[in-house]
Amino acid sequence: MTTFRKMYGAGPVHLIAIAFCLAVGLSVVFQLGFPALWNTSVWWQSIAVWFVGAALLHDLVLFPLYALLDRGLVAGLGRWVNAVRIPALGAGLSLLLFFPGIISQGSVSYESATGLTQQPFALRWLLLVVAMFAASGLFYAGRAVFRRVRT
């Protein structure tokens with residue numbers, strides 16, 4: 001087992017999980033067919049182009065940036081780094097989720113379907129982010145007080 005871990009870098013369960021994920025992905029491609037992933041009239045709207053572009057953008061640009069930022073946070077905050085990490089992750093994920101509404105993409109369709117505008121989306125997202133950071137700060141402040149009282 002240790003030889004396998006040395007050569008592969010992880011346990012056999014990891015290899016099985018990766019092989020399963022690749023098999024599911026390939027079955028989706030075969031089920032849909034390659035023409036469904038490629039828009040012949042407008043090439044940049046193809047799913048394949050966006051998938052490869054997103055992978056390259058993440059691996060070559062974004063990952064080094066947020067890994068560097070995280071190292072700076074760890075060096076500066078030490079064991080309190082999760083007080084910033086967790087709400088920052090929540091802010092980033094909620095931004096990805098609500099981004100079309102925040103930039104008012106599809107505002108005509110949204111307004112005709114709901115009778116509402118997308119104007120409050122950006123302010124509500126900012127309030128959500130402030131609330132996440134405030135809750136995290138309160139939690140870690142309470143934890144620091146509890147540690148100080150306990151010792």
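Predicted model: local features only at pLDDT ≥ 70, side-chain atom pairs only at ≥ 80, totals over all residues.
Q: What should I know about the numbering and the cut-offs here?
A: Residues are numbered from 1 along each chain as its sequence is written. Local features need pLDDT of at least 70, side-chain atom pairs count only at pLDDT 80 or more, totals for chains, interfaces and linings use all residues, and side-chain values use heavy atoms, with hydrogens and water left out.

Q: At what angle do the axes of α5 and α7 cross?
A: Axes are lines fitted to C-alpha atoms, for helices over the stretch in contact, with angles from 0 to 180 degrees between N-to-C directions. Here α5 (residues 82-102) and α7 (residues 120-150) cross at roughly 165°, and their axes come within 9 Å. The two are therefore roughly antiparallel (the term covers angles over 145 degrees).

Q: Which residues of α5 and α7 make the contact?
A: Contact means heavy atoms within 4.5 Å. On the α5 side you'll find, among them, Ala 83, Ile 86 and Leu 95, and α7 brings residues including Trp 125, Met 132 and Tyr 140. By class, that's 16 nonpolar, five polar and no charged residues.

Q: How much space lies in the largest pocket, and what lines it?
A: A pocket is an open set of points on a 1 Å grid where a 1.4 Å probe fits, with protein on both sides within 12 Å along at least five of seven lines; lining residues have an atom within 4 Å of a point. The largest one holds about 530 Å³. Of its 14 lining residues, Tyr 66, Ala 88, Leu 89, Gly 92 and Leu 93 lie nearest the centre. The lining divides into 10 nonpolar, two polar and two charged residues, and α4 (47-77) and α5 each supply at least two.

Q: What about the second largest pocket: which residues line it?
A: Its space is about 170 Å³, and the lining includes Val 28, Leu 37 and Phe 51. The largest share, four residues, comes from α4. By class, the lining has eight nonpolar, no polar and no charged residues.

Notes
Parallel < 35°, antiparallel > 145°, perpendicular 65-115°, else oblique. Nonpolar A, V, L, I, M, F, W, Y, C, P; charged D, E, K, R; others polar. Points joined across faces, edges and corners; volume = space filled by probe spheres on them.
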